[in-house]
Amino acid sequence: MDANLRFWRAEGQSFFQRFLLWADVLDPLLLLKSSDEIRRTRLLLQNSGKTLSEPIQNDQTKQAFLLSLSSVHPDTDKIIPVLFRPPGNLNPKFIFAYNLSFLQFVFHTYTTGFTLLNGNGTTKAEEHSLQQKQILYSLGAISYAACIGALPLFFMNRYTLKSSLTQLVVRKLLPAPLLGLMSAFTVAVVRSPEFENGIEVMDRNGKVVGLSQKAGEKAVKETALSRAVLFGTTLFLPAVLMRFVERAKFAKTPHALASVRMLMITSVLAGMLPVSLSMFPQCGEIKRADLEPDILSSTDETELFYNRGI
């Protein structure tokens with residue numbers, strides 16, 4: 001079992017533990033670490049041979065694990081590109097861009113790329129054809145999500161629906177649930193090979209028992225739900241709060257309103273990102289009884305583990 005997954009098993013048992021860990025892992029300063037430093041850190045952790053049966057007390061070791069968690073994929077052992085690492089996801093400009101229809105394609109392209117690079121990395125047969133399939137799925141998901149997100153504004157402008165109620169629904173109420181649904185949709189589509197082909201499940205010693213479609217389905221469902229909560233809430237709460245700001249006339253100019261709105265989006269995103277990532281364990285667990293018959297015959301373990309992905 002990879003060092004990252006062993007760390008999550010030992011240190012991320014409860015929601016509160018996972019929240020505190022993600023708050024550290026999402027430190028933007030970790031993006032400044034070089035590839036050589038990341039490789040040295042990984043080599044140090046792999047050679048240390050720690051079982052992680054007890055919580056880590058050494059601060060230097062914990063910092064090494066935080067760098068590994070933020071920079072390395074636990075299934076492939078490859079360094080994740082800087083832009084698509086978890087700390088790089090803490091960027092309010094992509095949420096702000098969602099309200100601008102011509103930039104929705106950019107938003108969904110980024111989130112889809114993040115999903116591709118941070119999903120479960122189980123190596124499967126016919127890897128080349130699988131990658132081509134995922135690329136096609138990704139392009140379809142991006143195009144569909146961007147079009148659906150732009151439809152309300154298109155119809156409002158096309159049919160001159162300018163009433164105050166229409167403006168309230170289309171510009172204030174509809175974007176948040178629509179963004180949440182489309183975010184979950186892109187996760188499900190892009191990571192569909194995981195529940196079609198299965199992902200690796202391991203016993204508590206890290207030995208791979210087999211490939212499970214049911215574990216893949218569980219991993220994708222949990223990730224899609226957390227993504228919907230993240231982006232839906234991040235767009236919904238600032239819209240609600242801005243109504244109070246506008247009525248109270250705290251910000252009197254358009255530039256001041258835009259600044260306040262960006263500040264709110266940044267604050268909500270900064271809080272919701274560790275919350276959404278902590279909703280489910282990173283090292284997922286699945287009961288033996290819930291697995292396929294061929295896996296049941298391969299092990300006597302009551303619980304098996306898998307990498308949920310981000």
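Helices (H or I, at least four residues) and strands (E, at least two) are DSSP runs, numbered from the N terminus. The structure described here is a predicted model, in which local features need pLDDT of at least 70 and side-chain atom pairs count only at pLDDT 80 or more, while totals for chains, interfaces and linings use all residues. Residues are numbered from 1 along each chain as its sequence is written, and side-chain values use heavy atoms, with hydrogens and water left out.

The protein contains 13 helices and four strands. Of its 310 residues, 46% count as buried; buried means under 20% relative accessible area, exposed over 50%, and partly exposed in between (1.4 Å probe, protein chains only). The accessible surface comes to about 15,600 Å², and 62% of this surface belongs to carbon and sulfur atoms. Such areas come from the Shrake-Rupley method with a 1.4 Å probe, and for residues only the protein chains shown count as cover. Among contacts (heavy atoms within 4.5 Å) with a separation of 6 or more, 73% are between residues 24 or more positions apart.

The interior was examined through nonpolar cores, each a set of buried Ala, Val, Leu, Ile, Met, Phe, Trp, Tyr and Cys residues joined through side-chain atoms within 4.5 Å. The largest nonpolar core has 32 residues, of which Trp 8, Trp 22, Leu 230 and Leu 277 touch the most other members. At least two residues of this core are supplied by each of helix H1 (3–11), helix H2 (15–25), H4, helix H6 (104–118), H9, helix H11 (213–248) and helix H12 (254–277). H12 gives the largest share, five residues. A second, separate core of ten residues includes Val 201, Ala 215, Ile 286 and Ile 295.

A search of the whole structure finds seven aromatic pairs. Rings of Phe, Tyr and Trp (its six-membered ring) pair if their centres lie within 6.5 Å; planes under 30 degrees apart count as stacked, over 60 as edge-to-face and the rest as tilted. Phe 7 and Phe 65 form a stacked pair, with 4.7 Å from centre to centre and 25 degrees between the planes. Because Phe 7 lies in helix H1 and Phe 65 in helix H4, this pair ties together parts that are 58 residues apart in sequence. Phe 7 is buried at a relative accessible area of 0%, and Phe 65 is buried at 1%. Trp 8 and Trp 22 form a tilted pair, with 5.1 Å from centre to centre and 35 degrees between the planes. Trp 8 belongs to helix H1 and Trp 22 to helix H2, so this pair ties together parts that are 14 residues apart in sequence. Trp 8 has a relative accessible area of 6% and is buried; Trp 22 is likewise buried, at 1%. Leaving aside neighbours within four places in sequence, Trp 22 is in contact with Trp 8, Pro 86, Pro 274, Leu 277, Ser 278, Gln 282 and Ile 310. Elsewhere, Phe 84, Tyr 110 and Phe 114 form one aromatic cluster.

Individual helices were then considered. The buried residues of H1 are Ala 3, Asn 4, Leu 5, Phe 7, Trp 8 and Glu 11. At the start of H1, a side-chain oxygen of Asp 2 reaches to within 2.7 Å of the backbone nitrogen of Asn 4. Helix H9 (residues 175–190) has 16 residues and reaches 22 Å from its first C-alpha to its last, close to the 22 Å expected at 1.5 Å a residue; the expected span is 1.5 Å times one less than the number of residues. Among the buried residues of H9 are Leu 178, Leu 179, Met 182 and Val 187.

Ser 70 is located in helix H4 (residues 59–71) and is buried, with a relative accessible area of 1%. A polar atom of the Ser 70 side chain lies 3.1 Å from the backbone oxygen of Leu 67. The side chains of Ser 70 and Ser 71 are joined by a polar contact of 3.2 Å. A polar contact is a pair of N or O atoms within 3.5 Å; within protein, one must be able to donate a hydrogen and the other to accept it, and residues adjacent in sequence count only if both atoms are side-chain atoms.

Asp 77 is placed in the loop between H4 and helix H5 (92–98). Most residues other than glycine have a negative phi. Asp 77, although not a glycine, has a positive phi of about 65 degrees. Asp 77 is partly exposed, with a relative accessible area of 41%.
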